[in-house]
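This report concerns a single predicted model. The sequence and structure are shown first, and the commentary comes after them.

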Amino acid sequence: MFASLFVLLYLGHLLADYPLQTDHKADRCAAGWAANLRHAATHVATCAAALALGVLVLDDMTMSLPVVVAALLWIGGSHAFIDRRWPVQWWMNHTGQTSWAANGGAAHVDQTAHILALVLAALALSS
């Protein structure tokens, strides 16, 4: 069940992070925070829709509602945190990756952090 859950959550992530992406989500102002929270809410909605699709289509998909809610809150909260950009910059500056950060590496670290959050959510949902 873990693999199915991860694929569904990753699909929700890809939809929210690319075709449904918002601008200015890392701006350091009230409008930036609002854009960030709308973007995180989009992630919660697309991941919830993907999980609902899984429950409807897959035979072995059963989950506890409180765990689903906790996983979706984790996905939204972790996504909002990562997308403020400073956590990724901090990580890269403190792990010797400044040159890679200057050459486009931040997007890869950003996506890796998001995927880690999805793996943890899928593990919680499958337990």
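The model discussed here is predicted, not experimental. Within it, H13 belongs to helix α1, which covers residues 2-17. Its relative accessibility is 1%; because buried means under 20% relative accessible area, H13 falls in the buried class.

The side chain of H13 forms a polar contact of 2.8 Å with the side chain of Q111. When neighbours within four places in sequence are set aside, the residues in contact with H13 are H43, C47, H79, Q111, H114 and L118.

How many cavities of 30 Å³ or more does a search of the whole structure find? The search returns 1. The largest cavity holds about 40 Å³ of space. Its lining consists of H13, H43, I75, S78, H79, H114, A117 and L118.

In terms of residue class, the lining comprises 3 nonpolar and 5 polar residues, with no charged ones. H13 is one of the lining residues.

## The nonpolar core

The largest nonpolar core contains 16 residues. Inside this core, the residues with the most contacts are L5, L9, L51, L72, I75 and L125. Helices α1, α2 (30-57), α3 and α5 each contribute at least two residues to the core.

L72 touches V44, C47, A48 and L51 once residues up to four places away in sequence are excluded. L51 is, like L72, among the core residues with the most contacts.

## Residues of helix α2

T46 is situated in helix α2 and is buried, with a relative accessible area of 13%. Beyond its neighbours within four places in sequence, T46 is in contact with G12, L15, A16 and L20.

A41 also lies in helix α2.

F81 is placed in helix α3 and counts as partly exposed, at 44% relative accessibility. Leaving aside neighbours within four places in sequence, F81 is in contact with W86 and P87. Between F81 and L37, the C-alpha to C-alpha distance is 9.7 Å, although 44 residues part them in sequence.

R85 lies in the loop between α3 and α4 (86-94). Its relative accessible area of 48% makes R85 partly exposed. The backbone of R85 has a positive phi of about 75°, although R85 is not a glycine. Most residues other than glycine have a negative phi.

Terms used
Residues are numbered from 1 along each chain as its sequence is written. This is a predicted model: local features need pLDDT of at least 70, side-chain atom pairs count only at pLDDT 80 or more; totals for chains, interfaces and linings use all residues. Side-chain values use heavy atoms; hydrogens and water are left out. Helices (H or I, at least four residues) and strands (E, at least two) are DSSP runs, numbered from the N terminus. Buried means under 20% relative accessible area, exposed over 50%, partly exposed in between (1.4 Å probe, protein chains only). A polar contact is a pair of N or O atoms within 3.5 Å; within protein, one must be able to donate a hydrogen and the other to accept it, and residues adjacent in sequence count only if both atoms are side-chain atoms. Contact means heavy atoms within 4.5 Å. On a 1 Å grid over the protein atoms alone, a cavity is a set of points where a 1.4 Å probe fits but cannot get out, and a pocket is an open set with protein on both sides within 12 Å along at least five of seven lines; lining residues have an atom within 4 Å of a point. Grid points are joined across faces, edges and corners, and a volume is the space filled by probe spheres set on the points. Ala, Val, Leu, Ile, Met, Phe, Trp, Tyr, Cys and Pro count as nonpolar, Asp, Glu, Lys and Arg as charged, and the others, Gly among them, as polar. A nonpolar core is a set of buried Ala, Val, Leu, Ile, Met, Phe, Trp, Tyr and Cys residues joined through side-chain atoms within 4.5 Å.
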